[in-house]
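Trainee: I would like to learn how to read the features of a protein model. Can we take them one at a time?

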Amino acid sequence: MGWPPAAWRRWVMVVVVVAALTAVAATAVEEGGRERGVVAAAQGRWPRHRHAYAAMMYMGTPRDYEREEDGMRVVLVENLKNPYESNLGGIDRRFKLTLNKLYAWTLIDYERVVMIDSDNIFLQKTDELFQCGQFCAVFINPCYFHTGLFVLQPSTDVFKGMLHDLEIGRDNSDGADQGFLVGCYPDLLDRPMFHPPENGSKLNGTYRLPLGYQMDASYYYLKLHWHVPCGPNSVITFPSAPWFKPWYWWSWPILPLGLSWHKQRWDDLGYAAEMPVTLMEILMYSVIITITRLAKPGMTKLCYNRQPEKQNAMVHWLIKMSAIVAMLIAYAIPFFIIPRTVHPFMGWSLYLFGAFALGVLVSNAFLLPLLAVLTPWLAVIGMFFVMAFPWYYGGIVRVLAIFGYAFCSAPFLWASAVRMMDSLQTMLEREPFFPRFGEPAQETEFSKLF
């Protein structure tokens, strides 16, 4: 079963993972702009379960409607209109549809639901959360709780009340689900901390969850290890800039925890979806290197000894600018065409291979020294190993090492740029091989290849 693309402008899916108390922990993964909750749970034709994990999915494939063997249930809901949309600006526009999380209160088939964002990594099972009260959330900000994970008791009445609050325009500090729910539960900061009863019974009321259920990844980067004393260290969240979410291949080694995310994805989903594009890019770069090497003897004929007639200054300037732009493109294109959610090892390998192939092409096309062209490539490799080094004493030492490497690399990068410009100027001081239209090419015994 599939849905036409236009339908996704109006509909969103709530992925509900039915789970008994013995269900294992979950991992939520975003793939190329698609949010997909992935949770291992009981299988079957929807027997009665008391609890569920839920996540939003804004795009999908026909395969996503056939997840019963994974213990999943897909519920289609219509997008809630965000009355705060006109107040959103800049990066906050990515929160336009987050109010759809309110649909979790409509899952009245379950006694408790744990609503999760896609940027969570579960380190261990969290079934004790189903013992919490009517609403429970974590304060990773001193004043406002975080809605990347929260526990709720589904209720049609509560949901209708929230819809009414949307209609009347309840105050919302961020125009998203978090600001709205903070307004709905303004006294949560004063509520007691959640401690699961040993007898397995459920609590009533609202509770603060220990910080260990929403460990901000930034806490890790200070000491490069976890030690959150408030409750079990169960869930990592990544409330960072969108381009540094852990599912992107470049997130590691820039952010060390990115590799943990991909390890869980490897165990749960694998990377078969990205492999066709990856193999095509490897083949493309291999062809570029082969053709460049075969064409190299012909390319060197572009430059001969000086002739009486010189090119004008404008042509020289255009050629220099072309060389600079070609260099930038050689290092930029491989980055942007790699599938964004491949494993970091594959992503960085593919980037370096592509930058090398295009760098060789630029070197031959403009008769530039290959070592000078590939100096930035070597610098990237060095930076990769500096960032990936696993035995730093702490995050501050790591940052200092990265800045120290950048400082030491700068003179080499500057020298390579000067070397390329000198080589390019030398080439421009010689007459191009191409003759004027209507004139035969002049080949004399004084011609000399460079």
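Mentor: Start with the element names. Helices (H or I, at least four residues) and strands (E, at least two) are DSSP runs, numbered from the N terminus. Leu224, for instance, is found in the loop between α3 (217-223) and β12 (235-237).

Trainee: What should I know about the model itself?

Mentor: This is a predicted model, where local features need pLDDT of at least 70, side-chain atom pairs count only at pLDDT 80 or more, and totals for chains, interfaces and linings use all residues. Residues are numbered from 1 along each chain as its sequence is written, and side-chain values use heavy atoms, with hydrogens and water left out.

Trainee: How many helices and strands does the protein chain have?

Mentor: The protein chain has ten helices and twelve strands.

Trainee: How do I read burial?

Mentor: Buried means under 20% relative accessible area, exposed over 50%, and partly exposed in between (1.4 Å probe, protein chains only). Of the 450 residues in the protein chain, 45% are buried. Leu224 counts as buried because its relative accessibility is 19%. Leu224 also has a positive phi of about 60°, although it is not a glycine.

Trainee: Which other residue has a positive phi, near 55°?

Mentor: Leu367, again a residue other than glycine. Leu367 lies in the loop between α8 and α9.

Trainee: Then how do I describe the packing of those two helices?

Mentor: Two packed helices are described by the angle between their axes and the distance between the axes. Axes are lines fitted to C-alpha atoms, for helices over the stretch in contact, and angles run from 0 to 180 degrees between N-to-C directions. Here α8 (residues 344-365) and α9 (residues 370-388) pack at about 170°, with axes 9 Å apart. That makes α8 roughly antiparallel to α9. The classes are: under 35 degrees roughly parallel, over 145 roughly antiparallel, 65 to 115 roughly perpendicular, and the rest oblique.

Trainee: Which residues of α8 and α9 meet?

Mentor: Contact means heavy atoms within 4.5 Å. On the α8 side, the residues include Trp348, Tyr351, Leu352 and Phe356. On the α9 side, they include Leu370, Trp377, Ile381 and Phe384. The residues of this contact divide into 13 nonpolar, two polar and no charged. Ala, Val, Leu, Ile, Met, Phe, Trp, Tyr, Cys and Pro count as nonpolar, Asp, Glu, Lys and Arg as charged, and the others, Gly among them, as polar.

Trainee: How do I read strand pairing?

Mentor: Two strands pair if DSSP finds at least two bridges between them. Take β4 (residues 51-57) and β6 (residues 112-116), which run parallel and are joined by four bridges. Tyr53 has Val114 in β6 as its bridge partner. β6 also pairs with β9 in the antiparallel sense, over four bridges. There, Val113 has Leu152 in β9 as its bridge partner.

Trainee: Are β4 and β9 buried or exposed?

Mentor: Seven of the seven residues of β4 are buried. Both faces of β4 are covered: His51, Tyr53, Ala55 and Met57 lie on one side, and Ala52, Ala54 and Met56 on the other. Strand β9 (residues 146-152) has seven of seven residues buried, so it is largely enclosed by the rest of the structure.

Trainee: What else pairs with β9?

Mentor: Strand β8 (residues 135-138), in the antiparallel sense over four bridges. Cys136 stands opposite Val151 in β9.

Trainee: What does Cys136 join?

Mentor: First, the general idea. A disulfide is a covalent bond between the sulfur atoms of two cysteines. The search criterion is a pair of cysteine sulfur atoms within 2.5 Å. In the whole structure, the search finds one disulfide. Cys132 is joined to Cys136, S to S 2.0 Å. The link of Cys132 and Cys136 is left-handed, with -105° about the S-S bond. Both Cys132 and Cys136 are buried.

Trainee: Where is the cis peptide bond?

Mentor: From Trp252 to Pro253, with omega near 10°. Pro253 is found in helix α4 (residues 251-254).
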